[in-house]
Each structure stands twice: as C-alpha cells, then as structure tokens.
Number of protein chains: 2
Amino acid sequence: MATETVENYLKAIYRLSLESPAGEASMTHIAAVVGVTTGTATSMVKKLASARLAKYQRFGGVSLSAKGTRAALDILRRHRLVETFLVETLKLDWAVVHDEAERLEHAISPLVLEALDRHLGNPSFDPHGDPIPSADGKLLEPRVVPLSECGEGAMGRLARVLDQREESLRFLRRHGLEVASRIAVESVEPGAGIIVVRAEDGRSVALSEVAASRVLVQVEE
Amino acid sequence: MATETVENYLKAIYRLSLESPAGEASMTHIAAVVGVTTGTATSMVKKLASARLAKYQRFGGVSLSAKGTRAALDILRRHRLVETFLVETLKLDWAVVHDEAERLEHAISPLVLEALDRHLGNPSFDPHGDPIPSADGKLLEPRVVPLSECGEGAMGRLARVLDQREESLRFLRRHGLEVASRIAVESVEPGAGIIVVRAEDGRSVALSEVAASRVLVQVEE
DNA sequence: ACGGGAAGTTTGACGACTCAAACTATAGGC
DNA sequence: GCCTATAGTTTGAGTCGTCAAACTTCCCGT
C-alpha cells in the first residue's frame with residue numbers, strides 16, 4: 001500500500017473535506033492536521049495529485065479522487081476496527097484508544113483486518129459511535145442530530161461523539177454520557193450558550209453549545 | 001523508542017549472536033537477515049554503537065550491549081505476544097503469523113502490550129513454542145533437545161519449532177507434528193541422513209537431519 | 001610467508017519526508 | 001479600484017535509510 005505518511009495525508013483530506021461545506025480541504029488545515037508546515041503539505045499534495053489520489057490545482061482547494069476516497073475509507077475501516085478491538089477485546093479505555101489506533105492502523109494487513117472483523121462480529125460502529133466502512137468501501141451515516149440542535153424536553157440516545165480528544169471523552173463519561181445511553185435535554189440557555197442534559201442515571205450536566213454540537217443524538221419519536 | 005529500522009537490526013543481531021558460538025554476529029549475516037547490503041549494515045551498526053546499543057569495532061564482530069539486549073528482548077516480547085494473539089484470539093494459521101507479527105510488533109505501545117498480555121493470560125510460550133520474555137526482560141529457556149539428537153525409541157513432546165518459514169510449518173502440521181503433541185522416534189538412518197518420527201495420530205514422517213535439528217523435543221524419562 | 005578471495009569499509013548519490021524562509025497570488029476593506 | 005493581510009508556493013538544505021561500486025583488511029592454503 002501507500003506509505004504511512006501518504007495514508008495520514010489521505011485521512012486528513014478526507015476528514016477535512018467532509019467537514020467543509022465546499023467538500024474541499026485547505027493547505028493550512030491539511031498541514032495542521034498532519035502536523036507539518038504548509039510548504040511540506042503543498043509538496044505532498046502535489047505528489048498525491050500525480051498519483052491520482054487527490055485533485056488539486058495551484059491556489060485551489062484539495063479534494064480526494066475516487067481512488068483516494070477509496071483508500072481513505074480503507075484506512076478509516078482499519079482505524080475504527082482497531083479502536084473497537086482495543087475497547088471490546090482488550091478492555092482499554094475509550095478515551096485513549098484513538099492514539100493507539102493511529103499507530104496500529106498502518107500495520108494491519110488485509111488478512112489480519114478481516115480476522116479482526118470476524119472476531120468482533122462485523123461491527124457497524126466503533127466505541128465512539130463512528131460508522132465503520134464495510135470491506136467494499138461503503139459507509140453508512142445514520143440520521144442523527146447534534147445535541148446543540150435539540151430543543152428543551154427532547155429525548156433520545158447518545159449516538160456518536162465527534163470530539164475524540166482524551167479529556168473530552170473523559171469528561172463525558174465522568175458525567176454518565178456514553179454511546180447508546182439515554183439522555184434528555186433538561187434546558188437550553190441560549191443567553192449563556194449552555195445546554196443542560198440529564199443522563200441515564202438522573203444526573204445533570206451542562207455543556208457549551210460548541211461541545212454539544214459535537215455530540216450526536218438519535219432523537220426518539 | 002528506537003526507529004523501526006533500528007529495532008530490526010537489534011532483533012537480527014540478537015538472533016545471530018545466540019546462534020553463533022562466539023556470541024557475535026557478522027556484518028554479512030546481519031545484512032542478509034535485515035535484507036540490505038553489507039555497506040548499509042556497516043553504517044547502521046556504527047550508529048547502533050554510538051547509541052550504546054551495540055559493541056563493535058572495525059573488522060571485529062558485532063554484539064549487543066546490555067541496553068541493546070534489553071531492547072531486543074522487548075521487541076521479542078512484542079513479537080511473540082502478537083503471534084500468540086493472532087493464533088489464539090484471531091484464529092490465524094501458525095504458518096502465516098510470523099510475517100504479520102513482524103509488521104505489528106513495531107506499532108504496539110506498552111499500554112497495548114500489557115493489555116494483550118493480560119487478555120492472553122500471561123502466556124510463557126508462543127504458538128511455535130518460543131519462550132516469551134517477561135515484561136522485565138527475563139527469558140526462560142527450558143531444557144529441550146533437538147530431535148536430531150534423539151536416539152531410536154525416544155519419546156517426548158514436541159516443544160518448539162525453530163524454522164518458522166511458512167512451508168516448513170505447513171509441512172509439519174500436515175504430518176501431525178504440532179507444538180505439545182506427543183512424538184516418538186521410530187528409526188534413525190544416519191546413512192541416509194534421515195530420521196523417521198511417529199506422530200500422535202500414529203502416522204510416520206521422515207525428516208532430514210537438518211530439519212530435525214530445528215525441531216526441539218522435551219524428552220520423557 | 002605470501003597471494004588471492006572473502007569479509008568488511010568507504011564514498012558518493014539518491015529518494016522520501018521534512019523545515020525555514022523567501023517569494024507570490026488572492027480576496028476583502030476602504 | 002488599489003493595497004495589504006493571509007493563504008499558498010518555491011527553493012535550498014538537512015536527516016534517515018538505502019544502494020553500487022571502489023577500496024581495504026584479513027586469513028587461509030599452498
């Protein structure tokens with residue numbers, strides 16, 4: 001396969017393209033995500049473009065080609081299956097598995113990947129609620145809404161956590177907010193930029209609107 | 001830790017030192033095992049020496065320092081635990097896990113390693129019968145003898161398989177020779193350079209002396 | 001005890017990836 | 001419509017690991 005470095009660029013561009021309305025990633029953002037200077041990102045993106053993995057022209061945005069998207073989904077599959085394995089089988093904390101998976105995902109061969117998938121029972125979602133691409137590169141994105149868009153009194157299940165920094169995940173779990181747990185919106189305070197949520201165990205937590213926009217909910221009825 | 005390349009050199013030197021009577025590895029052998037030219041091996045060994053991982057002087061043999069040995073044992077622990085995991089948990093074939101482990105061993109963090117060890121129940125041996133170094137770098141080498149040194153009529157358990165090339169492992173299993181299975185030496189034919197062994201299931205197999213020297217046996221009484 | 005071949009070393013170059021810093025295009029404010 | 005701040009690009013250089021090929025040392029056999 002592509003080198004580890006190339007895989008990391010593909011992942012970054014994939015993620016940034018999804019997040020941006022235009023479906024394109026900027027050099028500055030790519031550089032920031034990969035952790036290099038913009039100059040380095042430019043030359044690397046040129047290489048991706050000449051390998052037909054990305055579409056790019058000078059001073060224009062960067063996006064993945066079909067081939068690049070396919071490769072990115074493959075990496076995402078490896079990443080999310082590894083995360084699931086680390087939590088389900090090795091009982092590691094969901095807050096730390098992201099960084100571990102980041103290293104392991106590049107060393108997983110197709111053989112090991114499919115064995116892992118079988119062992120885990122072909123899961124559709126990883127421990128953070130992110131959908132796992134299928135072996136043939138299909139990605140199921142269920143209809144869920146950001147907690148920040150739920151009104152007072154809304155109820156549902158916590159479906160997915162987008163912000164996977166260790167401290168964010170620790171905070172959520174410490175307050176009873178885990179994937180698949182039932183939650184209810186207790187109150188919304190636009191003035192304070194705050195949303196108060198009640199967890200399954202009855203406890204309440206306040207989240208900022210920014211934090212709430214990164215928690216996705218499967219709303220009920 | 002050290003870079004992946006450095007880890008591979010350490011592993012190679014460790015293995016070759018054990019195999020050689022002098023406890024030293026030659027440049028040519030190191031180069032062959034790592035898969036580079038001797039020139040490359042020379043410059044790399046120099047680097048290991050200046051990092052105090054290896055002892056070396058021009059035109060002299062190469063051996064590991066205490067620090068280098070410690071690092072090599074750590075890599076060996078990762079390798080063998082990963083192999084055990086691939087066979088025990090993921091049900092992969094013992095004949096293919098070596099190459100897979102070769103890639104994965106470099107991506108395993110201490111955290112994942114210890115979780116793996118716990119999950120597997122702190123095994124002492126991997127699927128090929130190789131002892132797994134403990135977390136503090138102790139390696140238990142049980143008293144076992146090469147099959148090639150067993151006389152006619154000797155009985156015992158197959159303890160360990162040194163030759164881990166895919167075709168060798170496939171051959172052994174195809175003939176009922178697996179780690180922990182009971183075997184008996186049916187006849188020894190020094191003239192033909194051949195040893196005939198009876199497996200647990202009653203079938204007989206002929207092995208060359210070279211092949212038999214790479215199969216270790218725990219002899220009974 | 002020496003000559004030749006094997007083992008080991010050195011040198012110069014290269015590809016992958018990176019940075020710092022000089023440079024250029026673009027878009028938004030006035 | 002110009003002008004500057006910001007985003008992006010280019011260039012020159014460095015590190016790591018590698019090779020090919022020229023070179024040196026060692027040691028064995030006669």
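Q: By class, how many nonpolar, polar and charged residues does the surface near DNA strand D have?

A: The model is predicted, so local features are given only at pLDDT of at least 70 and side-chain atom pairs only at pLDDT 80 or more, while totals for chains, interfaces and linings use all residues. Residues are numbered from 1 along each chain as its sequence is written, and chains are lettered from A and ligands numbered from 1 in the order in which they are written. Near means that the C-beta atom of a residue, placed from the backbone, lies within 6 Å of the molecule or strand. Ala, Val, Leu, Ile, Met, Phe, Trp, Tyr, Cys and Pro count as nonpolar, Asp, Glu, Lys and Arg as charged, and the others, Gly among them, as polar. For DNA strand D this gives six nonpolar, 12 polar and one charged residues.

Q: Which residues are the closest to DNA strand D, and which elements supply at least two residues of that surface?

A: Elements are DSSP runs numbered from the N terminus: helices are H or I with at least four residues, strands E with at least two. Of the 19 residues that surround DNA strand D, Ser26(A), Thr28(A), Gly39(A), Val36(B) and Gly39(B) are the closest. At least two residues each are supplied by α2 (27-34) and α3 of chain A and by α1 (4-19) and α3 of chain B.

Q: How many residues of chain A are in contact with chain B?

A: Contact requires C-beta atoms, placed from the backbone, within 7 Å. By that criterion, 16 residues of chain A touch 16 residues of chain B. On the chain A side, α5 (97-104) and α6 (110-120) are the elements that give two or more residues. The most come from α6(A), with five residues. That side of chain A has nine nonpolar, four polar and three charged residues.

Q: At what angle do α4(A) and α6(A) pack?

A: Two packed helices are described by the angle between their axes and the distance between the axes. Axes are lines fitted to C-alpha atoms, for helices over the stretch in contact, with angles from 0 to 180 degrees between N-to-C directions. Helix α4 (residues 66-88) of chain A and α6(A) pack at about 45°, with axes 10 Å apart. Angles under 35 degrees count as roughly parallel, over 145 as roughly antiparallel, 65 to 115 as roughly perpendicular and the rest as oblique. Therefore α4(A) and α6(A) are oblique to each other. In this contact Arg78(A), Leu81(A), Thr84(A), Phe85(A) and Glu88(A) of α4(A) meet Leu113(A), Leu116(A), Asp117(A) and Leu120(A) of α6(A). By class, the contact has five nonpolar, one polar and three charged residues.

Q: What is the strand order of the open sheet in chain A?

A: Two strands pair if DSSP finds at least two bridges between them. The six strands of chain A run in the order β3-β8-β4-β5-β6-β7, with antiparallel pairing. The edge strands β3 (145-146) and β7 (204-208) each pair on one side only. Between β4 (residues 155-161) and β8 (residues 215-219) of chain A there are five bridges, and Arg157(A) stands opposite Gln218(A) in β8(A).

Q: Which residue takes a positive phi in the hairpin of β5(B) and β6(B)?

A: Gly193(B) does, near 65°, in a hairpin with four residues between the strands. The antiparallel pairing of β5(B) with β6 (residues 194-198) of chain B has five bridges, and Val188(B) faces Ile195(B) as its opposite residue in β6(B).

Definitions and conventions
Contact = placed C-beta atoms within 7 Å.
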